[in-house]
Amino acid sequence: MRKFNIRVNGFWRQVITEPSRVLLDVLREDLRLTGAKQSCDRKGQCGACTVLVNREAVKSCLKKMADLEGAEIITIEGLGTPENPHLIQEAFVLAGAVQCGYCTPGMIMTAKALLDRNPDPPDEEIEKALRRNLCRCTGYRKIIDAVKLAGRFLRGEIEPHEMRPDLSRGLIGVSMPRPTAYLRACGAAQFTADLHVEGALEIAVVRSPHHHARIDAINVAPALKTPGVVGVMTAKDIQGTNRTKYLVDDQPVLCEKKVHVLGDAVAIVAGRTRQEALAGAKAVEVAYEPLPAVRTVEEALPPDAVQVHEGQPNLCFSHSQIRGDVERAWQESAAIVETDFSTPLIHQSPLEPEACVAYLEGEGDEAELVVIGRGINIHHHAMVLREALGREKIRYEEAYSGGQFGIKLDITSEALAGAAALHFRRPVRYVPSLTESMWMSSKRHPMACTLKLGADRNGRLTGLEVDFTLENGAYTSWGSAIVLRVLQMLSGCYYLPHVKAYGQLVYTNNAWGGAARGAGPPQMNYALESAMDLLARKLGEDPLEFRLRNSLQPGQSTSTGQVVEEWPFPGCLEALRPHFQRAREEAKAYKGGKIRRGVGIAGGSFGIGKAGPADKSTVAVELDPDGGLTVYGSVADPGEGNDAMLTQLAAHAMGLPPEKIRLETRDTDRTPDSSSASGSRVTYMSGGAMLMAIEALKKAMSETGADTHQDLVKAGKPTRYEATKTQETTALDKATGQGVPYESRVHGAQMAEVEVDTETGDVKILKMTAVVDPGTVINPQVVEGQIEGGLDMGAGMALREEYIHGETKDWVSFKFPTIRNSFETETILIETPRIKGPMGAVGVGEFVLLPTCAAIMNAVEDATGARVRHLPATPKKVMSALGEKKAGS
Ligand code: FES
Ligand code: FES
């Protein structure tokens, strides 16, 4: 131990600690300055922990106290507050660079050091400074814009008030800063691991080192002798079903007799500190009998294959779709493309680890188990926990969320922390490592498909035949729903008179798939839109005209037989046309030589809502005594801007200023069930339900002549009104895959401009242009932010990202896209108000990913003539495709 004097945010502090302790821990644990975050297991990969040390941007997770005596330290809390933000914090908010906000404090501190050195840095210098600060939400373009805007503020060229939107002329279509943006930019938003819980035990989890093994015995005695360990629990200590059940009860909280995948949880060790709990977890002795592991679909499908779950076939779900007669389609076809495609297992990669806090509120059997995490379906999660843990009284509270992208449609750490809080009857904190977070969360399913697509001599699509397999991994999560989502959106933007499809879901002893931004359709749309280009090429057709001619029209039906009333896709292609012409003209100059330039386009259509029929959301509103309005609904906001959507719609509908709208969205005890923040459904479903509740309130006010809360009370009317919006949709028929899955959709088209190095196989994205028609745009900056972030994620999926269970352990091994991989983007918004959308709006967050991979791979073929069909298109695969093309020509 040693005493250190450090000056933190202008105040001298004495810290008595080990010299080897890192600054991040001292700031967060001793000084309770939790603005600096950690994401990468302190490996210096994420930049979320950046602070200023003696005016330099420093990763506080790497800086030992031994080197800090007398140091001047500035953290995000030392810059400004939500009420009085620093100009850089203002710039990040006003430029729309804050989504989940987990990366934001680190970004801002890095920007501060840069702007202190050079108040007018060029783009290259900004990119260089931020090259080790990761962001998963924004795609980095708005972060670069924010740093430039901050420079202008600091140089006195412009003031923040000049950048604020004029809210006096209406709130719809206005880029109002999100209500929580300043909290996030100032490090004041509390994420789960930021919560200090007095007397809390820290827990660590004993996890399987095997992909498949029988558990013969668990000896906890050595762990109990470890200093600081308070107790150990195993499956037998859980009172409920010990299953986290979404669709199928195949996933244990703690494994009983068998482990099904590397990283499966076997025991929980509680300690006074995290280090002590981890030491205890290491000491638990588990006797495993390793079993043969099924690591691929090919190994899983033979009749004599090892069964991942005993008594259950590895082929655990399948579904077909039949429309018309594909044999007739092939007879009528002048050209047919028949090929295969695949997409890999991908981690959704939110920066925040899967942290959870759990404690008992109240006494004895009446005590309520409170679970705090970043779930996006908190009422459902509370129900899953009730069954799993055998505790009726459970409250789920949503903390601020450092992104999720589908992961948090499942619970991850909540059942473990909740079980521990119940068993040890003490508050519990569980802050797993990044590797452990990867092990305990679902992934994007890998998909493999064969696809046949035909067109007649007039260039009209005749038919589509698809066979696809999603590798389920060890647990089902939402797997069968993902197969259905693929079928629900199978025909994409197009009219296909004849369709035959079969999808299957296959267990393996691998990381399991679940909800992942778009969940299924991005994988299949990549295949379909790639085949559209191949077919256009075969017919000698222009890819844009070919898509335009084959677009579905209102009155026609999708492959599920659903007749659509609105279909704004052709308008998106028309908006893209001049950009496509410009880009192709420019690319002509780069057709020979080592570096070739190519341009590719792709379309997408995405159904709004959950995969099941009759999707529902309930929201309540209450007229407050001071004339404001409180909105109650479990509407999660993991970074997309749902807070802005609800506030702007409500303020507009009530004729109130936005600051009079209060949101109560985070707590199961205080909200009605608005269901999940998934399927891009929040604007359409919860925004819609909120407007219905406001209508009921306004009707009561007008019937009684009431202007205020007090008038309503006097008239004997309630001040709170609740409404439920329900989609008029049906399940797909099991035999034919026909049905009405979605009331509304979002449409768009994208264009990729790429350069391919034909000697190395490197693909550089120069620019992505995205045309999106999300109906009425409520907040253009929020929508643009979603689009830019989605493009970045789609580019990662196309070119870099692959999660290999057991090998991918951190952000470097995952190849997380950095600012160095970012590219120019242009967003074009078309507003065709949707018939049933709230004020004509639908959501956009997941759709964006649909066309991106195909647009990029179509551009690569345009540049080189070579086609990569199996993603990610690494330089090696591009070189091999170039080699195949050479050999074939
Ligand atoms: S926590 Fe310090 S760089 Fe990631
Ligand atoms: S805003 Fe950057 S990680 Fe979410």
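Predicted model: local features only at pLDDT ≥ 70, side-chain atom pairs only at ≥ 80, totals over all residues.
Student: Which residue of E20 is the bridge partner of Asp 467, and which is the partner of Gln 321?
Tutor: E20 pairs with strand E12 (residues 315-323) in the antiparallel sense over 8 bridges, and with E19 in the parallel sense. In E20, Asp 467 has Tyr 502 as its bridge partner. For Gln 321 the partner in E20 is Ala 501.

Student: How many residues of strand E20 are buried?
Tutor: Buried means under 20% relative accessible area. Strand E20 is largely enclosed by the rest of the structure, because the buried residues number 8 of the 10.

Student: In what order do the strands of the open sheet with E21 stand, and why is one side of E21 and of E28 left without a neighbour?
Tutor: The open sheet has 4 strands with mixed pairing, in the order E21-E26-E27-E28. Strand E21 (595-607) and strand E28 (824-829) stand at the edges, so one side of each lacks a neighbour in the sheet: each has a single partner strand.

Student: How many bridges join E26 to E27?
Tutor: Strand E26 (residues 745-757) and strand E27 (residues 763-773) run antiparallel. Among the paired residues, Val 754 has Ile 765 in E27 as its bridge partner. The bridges joining the two strands number 10.

Student: Is H17 roughly parallel or antiparallel to H18?
Tutor: The axes of helix H17 (residues 543-550) and helix H18 (residues 569-587) come within 10 Å and cross at roughly 175°. Angles over 145 degrees count as roughly antiparallel. H17 is therefore roughly antiparallel to H18.

Student: How many charged residues does the contact of H17 with H18 have?
Tutor: From H17 the contact includes Glu 545 and Arg 547, and from H18 it includes Glu 574, Arg 577 and Arg 584. By class there are 7 nonpolar residues and no polar ones. The charged residues number 5.

Student: Which side chains of strand E25 point to one face and are buried?
Tutor: The side chains alternate along E25 (residues 720-726). Strand E22 (residues 616-623) pairs with E25 in the antiparallel sense over 7 bridges, and Val 621 has Tyr 721 as its bridge partner.

Student: Is Met 438 buried or exposed?
Tutor: Met 438 lies in helix H14 (residues 434-439). Beyond four places in sequence, its contacts include His 347, Tyr 803 and Trp 811. Its relative accessible area is 0%, so Met 438 is buried.

Student: What is the relative accessibility of Thr 244?
Tutor: Thr 244 sits in the loop between strand E8 (229-233) and strand E9 (258-259). Leaving aside neighbours within four places in sequence, its contacts are Gln 251, Val 253, Val 384, Ile 411 and Ala 415. Thr 244 counts as buried, because its relative accessibility is 7%.

Definitions and conventions: Residues numbered from 1 in each chain as written. Chains lettered and ligands numbered in written order. Heavy atoms only, no water. Pairing = 2+ DSSP bridges. Buried < 20%, exposed > 50% of the residue type's maximum accessible area, 1.4 Å probe, protein only. Axes fitted to C-alpha atoms, helices over the stretch in contact; angles between N-to-C directions. Parallel < 35°, antiparallel > 145°, perpendicular 65-115°, else oblique. Contact = heavy atoms within 4.5 Å. Nonpolar A, V, L, I, M, F, W, Y, C, P; charged D, E, K, R; others polar.
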